[in-house]
Amino acid sequence: MSDILSPDVLLPAVVLVPLLGAAVAVASARAAAATAVITALLTAAIAVLLGRAVVAGGAVTHAAGAWGAPLGIEMHADGVAVLLLVVTAAIGICITVYATSYFRPIFEDEEDRGVRFFWPLWLLIWAALNAIFVATDLFNLYVCLELLTLPAVAMVALDGDREAVAAATRYLLLSIAGSLLFLLGVAIVYSGSGTLALAAIRESGMDARAAATALTLMTTGLAVKAALVPLHVWLPPAHAGAPAPGSAVLSGLVVKAAFIIVLRLWTEAFPGSLLAPGADLLGVLGAIAVLWGSLLALRQQRVKLVIAYSTVAQVGYLFLVFPLLLEAPGPAWSGTMYHLLSHALAKAALFLAAGAMLRAMGSDRLDDIAGVGQKLPMTFAAFGIAGLNLAGMPPSGGFIGKWLLLTAALSSGQWWWAVVIAIGSLLAAAYVLLVLRAAFLQPRARPLRHQPPWQLTAPALALALLSVVLGVWAEPPLLLLGATAPDLAP
Amino acid sequence: MAFDVALCVLVAGLALRLLTTRDLFEAVILFVSFGLALALVWVRIGAVDVALAEVALGAGVTGALLVNARRRLEQKAPEWLEAAHYRPAAAVLPALCGAFAGVAGLVALTAPRAVQPLAPRILERVPDAAATNPVTAVLLDFRAYDTLLEIGVLVAGITAVWALERGRPAVPPAATAEDEPVLAELVRWIVPLTVMTAIYLTWLGAYEPGGAFQAGALLAGAGVLMLASGFLRPYAPHSPVLRTVVAAGLFVFAAAALATVFAEGALLRYPAAGGYVWVLAIEAVLTVSIAAILAEFFVDVPSAPQQASGEQR
Amino acid sequence: MSDDVVFPLLGVFLFGVGFAAFVGRRHLLWKIIAVNVMASGVSVLLLTLPRRAGEGVDPVPQAMVLTGIVVMVAATALALALAVRLAGLSPGDGRHRHTRE
Amino acid sequence: MNLIMASSWLPLLVLLSSLVPGLIIVFLEEERVQLRTALNITGAVAKIVFVALMLYGVTHGHTYAWSLPVMPGLRLNLVADPLALLFVALSAALWLVTTIYAIGYLEGSPNRSRFFAFFSLCVTATAGIALAGDLFTFIVFYEALTWATYPLVVHRGTPASVRAGRTYLAYTITGGTVLLVGIVWLYALTGTVTFVDGGFVEAAAGGAVTETRIIFGVLIAGLAVKAAIVPLHGWLPVAMVAPAPVSALLHAVAVVKAGAFGIVRILYSVYGVEYATLIGAAQVLAVAAGITIIYGSLRALAQDDLKKRLAYSTVSQVSYITLGVAIVGPVATLGGLVHLMHQGIMKITLFFCAGNLAEVHGVKKVSELAGAGRRMPFTMAAFTIAAFGMIGLPPTAGFISKLYLGIGAVQAEHTWIVGVLVVSSMLNAAYFLPIVYRAWFEDAPTGATMGEAPWKLLVPAAITAALSLGAGLFAAMPVSPLELARLIIQRRYGL
């Protein structure tokens, strides 16, 4: 018998527990909510304990079936992975609490809002996210991606109106095509290297041309799922159409998971020499995403759409890492990961706050939410704080990320990326202001449909404040990230 | 050799035809044929497990799903089936995409194979695994973690489908044995045979080609037949029994994984003695769950909401 | 031409036409069929690319293809369910139009 | 006393004395007027006490520092050196009077909890800017100030104020971002951001002249927005729609002053005036300041709206600070630094008085001011003192500033600056004296309301007017702004 708290147990448990929770939630509609709450607490506790273990004793590896790579599959939790797990857990708990109230009908005649399906779908997504964060095997990543995509698509369609179903359909089809591109890359890698383990691919002496082809295919496939411009078209309607807790998961975490895989492929699986030609292209696409996504966000009339387009822009920021990694690996790596973590928290907070506004006001059109600041101060405060994080304003995690990315760009003489980063943060401030402004206007005669209960206000505020905590208490996570910065030596 | 080339030409031709035709019915029929022809390819390659799965799932279940979807579209949105709906997009992008894939594939084709392939290393260790059929050994031992997540994908799929059509009437109208006398007679013969075969396939999986997925597909087919002929009344959508059966596979598999983590120190590392029993037990539960999920995919293609709400009130 | 090349070529072809049809055809059902053809192409490549003449087929890609087939069935089922549902909905239709009113 | 003098917590306490009340007030219900007032006043008084303690310590040669690690290599550093104290003393003193004024001004209006919460956050950010010991800390509070001020600018919630808020943010956020880029660039180049008396750039990166020049330009461009240097001053007149206490805060204590203070820091603690002159940057800055001084005065002349006239006057007056520190030599620097305080005291008086006129009699335009002296004699007396100060008439505070600036310019052989000072003073007179004349020597229109402002509005104006006079009269006293500025100069020039 293993010690129940040993990292060797915690690591697989962080995937298995939400999976078991999902199975129970599928089996029993009545116990689904309670199961989800218990599962969320357990999973979060496991994530935190695992984080503590990694901080104390370094990275942990678990060989499934005790075979070890390349025969079997390994799970690996390093500093980045545990940070992702812990942030996911924080968002997870907040979303779970939020969802216990969000789906409750306000009016008598409101129909079934699908909460009993929300629970298993959400727990499956959580399991898939955790599995991706600790994955070290290419085909395992493929299965995880599908385990992530199917419930994510269902989440989009959960509210059931035509726009949402259409968005979900588009999301699913593009996503399948992306998965297949990824899988084609896997086939090429397996044939050329005789292994599926990320770390082993690098040492396999694989043909460089085949490696580049495989990497291109996989990156393209993942770019669809990460919604990198020009493959972003599915995202805004999908993320805006999902019920708020679903949007929070999708925008906060699901797109990030695809990006994490891209990053892992480029930095761990393939030699650094492959980075150079593709890196600038990815950077350019990222820059276009930053600008284009922000400009489109500025043109939206609905809060949820503004936030959704903002995700397109923020994903662009992440892809700026590639050209920066070559010249300034330290700050580029830490800055991007930090940006990712704080954006995940902030974006989830924004969608949760927007959902609470929507439920309370009956609309999330910018014209209709005038005066929301006075009517829903807590929700609005959450929105404001999280919004400032997006704009990279201090004190927030987004500011730290921006500082590090600027450092990476300017210390390597690539000032043009610094310009993109700066303009992007200005545009982010502009679209955040679009919403904030409406909230400061004198309230019109639109009455609240109901006063949101604490389950709808506290989670958003908690996540927003956590993103501020990341901005003040940045040294420990940054040290953890710094220790895992990639080694790009050929 | 010549046979292989001819087979490939046939498969390629089928694919080309079914992707370019304007007739959805033709496309669906061709898709099933395509799947069967592909199964022949798998046999030629020597991948009998895959051939079985292709017939049962790729051609069988997917084909049935397509037929079903087409029928439902015919009922509620016939305009979807009209040729007028055929709007080819500009040809440039598809050509580019095809070319991109082609170039990538050719690079892969001409690239050298791995210096140190994995297959011999796996085959060498199969005797230590919990099944003697190498494919089953990979599926349920070496890479059992993948298979566990894959069951998760199936459960996710059916939950998603359920969530989509939650406006469906509580119990869909069932056919009765009297409606379809010929079918009913057929079912009396086929179903027991199918069930026997499924059990055999599950059991066989440990030694020979076969396993839970193929068996589950067969069982699902039997179930669908019984539903269609009225031998089996469909369960209320997502009724507790159905939900439990669907979830059982994932639950048992994940619980086994957690148990082995505690007891054996590694995820799905089976006890030295009796690993075979574990595998068989897991496979048995999986077979039933998979059958239930696949059958539900077939039954649950959702009806239009107007119709649904009309029946509700 | 040895069968080392024939089958992979088939795989490349299937993936290519599948991809082209996926992008080129507007009809949802054809898109769904097209991704299935793409998947078949990947399966062929997964199994035959690593293969050397005279060797048996590697069990690992077999397991991967089996998994892939199951995943595709689930994805196809969901895609078809979405398509059928979409066909039955007219613009503005839905249960919850809480963004309006 | 020794314990307090040695305490490194004092700089933090200065921040907390306004942050904590602010955060409590956020959660306070609208009706809790007394508790809110108590919190505000307690915080303001506590801040003055803490600042006074530090002032005592610093004049006795002590330096206070507190820091918190944020990132590897970067900390939140709060340091109370004499320059920091100059600014923090100004903001602490003026916060108290502005708070009293705001309580009176907003009596009975809606959303006061929100107002006072952000008012406190605003002052916290200003104190943070003052006490920042490095550029990283500086930018953190500088950006925080931007956002903390936004709710104050749009406080009224009218479409006009929301528009003004948008203009305000468009300018200041852009400025902040440019400043951030400059700071990070400098950090990437020199590896340090910590303020050093006399600057660190030359020692760390003196070789890369072109790069340091560009960075200087970027930094100043970022700061010039808040400091309202032409042509980046456009937000300031627009932001006049805000309530009077906010305008007072914006012009005298917080936003504009933060920009000017930032420029002082860049010249004094980052580049060093000598190095900035060596690379030709300081001269360019001085010219820009000179242009701004004349331009602001000219524009002020043309305004009929009283608050707008004051706003353009601010554009002009704040650049005296920049001008002073951009000239090499102790006397000019002294003039610039002392004006940082003097301008604050005088300008806040003017805004208090303008607020009183608008609030009590609805007088908002210069053309409506006839007879205002008789209608509200105390208010207009205060106004007159401050206006004389702005012109630079002895014995007001403004005279001291201009005197030292003039001597400094002559010493540095920049005679054109003397010309700028003379012209600008004449222009100051040209737009202030008519107001004074009209108020005292013309008759009020028939039927005009009479009556002085309530004491909560009057007392703050009286206090600041007295300070404007006192800072000039008692310039040689040990705790006068001049002496404090002299302390800074002594450390730098070893006088």
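Start with the pairing of chains C and B: 68 residues of chain C are in contact with 89 residues of chain B, where contact means heavy atoms within 4.5 Å. This is a predicted model, in which local features need pLDDT of at least 70 and side-chain atom pairs count only at pLDDT 80 or more, while totals for chains, interfaces and linings use all residues. Residues are numbered from 1 along each chain as its sequence is written, chains are lettered from A and ligands numbered from 1 in the order in which they are written, and side-chain values use heavy atoms, with hydrogens and water left out.

Back to chains C and B. Polar contacts do turn up, in eight residue pairs with both partners at pLDDT 80 or more. Such a contact is a pair of N or O atoms within 3.5 Å; within protein, one must be able to donate a hydrogen and the other to accept it, and residues adjacent in sequence count only if both atoms are side-chain atoms.

Which elements of chain C give two or more residues to the side that touches chain B? They are α1 (3-24), α2 (28-48) and α3 (59-88) of chain C, and α3(C) brings the largest share, 23 residues. That side divides into 45 nonpolar, 14 polar and nine charged residues. For this sorting, Ala, Val, Leu, Ile, Met, Phe, Trp, Tyr, Cys and Pro count as nonpolar, Asp, Glu, Lys and Arg as charged, and the others, Gly among them, as polar.

Now look at chain C on its own. Its secondary structure comes to three helices and zero strands, reading α-α-α along the sequence; helices (H or I, at least four residues) and strands (E, at least two) are DSSP runs, numbered from the N terminus. Of its 101 residues, 80% count as buried, which means under 20% relative accessible area, with exposed set at over 50% and partly exposed in between (1.4 Å probe, protein chains only). Chain C exposes about 2400 Å², and carbon and sulfur atoms supply 55% of that.

Chain D makes its own pairing, with chain A. Here the contact takes 34 residues from chain D and 31 residues from chain A, and the area buried is about 3000 Å², of which carbon and sulfur atoms give 79%. D:M71, D:W147 and D:V184 lose the most area on the chain D side, together 19% of what that side buries. Between chain D and chain A there are zero salt bridges and two residue pairs in polar contact. The elements of chain D that give two or more residues to this side are β1 (64-71), α6 (135-153) and α7 (159-190), with α7(D) providing the largest share, 14 residues. By type, the residues on this side are 25 nonpolar, five polar and four charged.

Some chains stay apart. Chain B and chain D do not touch, and their nearest C-alpha atoms are 37 Å apart. No contact joins chain C and chain D either, with 25 Å between their closest C-alpha atoms.

So where are some of the salt bridges? Over all chains, the whole structure holds 14 of them. In chain D, the side chains of D:K456 and D:E107 meet at 2.7 Å, N to O. This pair links distant parts of the chain, 349 residues apart, with D:K456 in helix α21 (residues 455-473) and D:E107 in the loop between α4 (82-105) and α5 (112-131). D:K456 is partly exposed at 23% relative accessible area, whereas D:E107 counts as exposed at 51%. In chain B, B:R17 and B:E26 form a salt bridge at 2.8 Å, N to O. Chain A has a network of salt bridges that links A:D78, A:R264 and A:E268.

How values were computed:
Areas by Shrake-Rupley, 256 points an atom, 1.4 Å probe, with all protein chains shown as cover. Buried area = accessible area lost by both parts, 1.4 Å probe. Salt bridge = Lys/Arg side-chain N within 4 Å of Asp/Glu carboxyl O.
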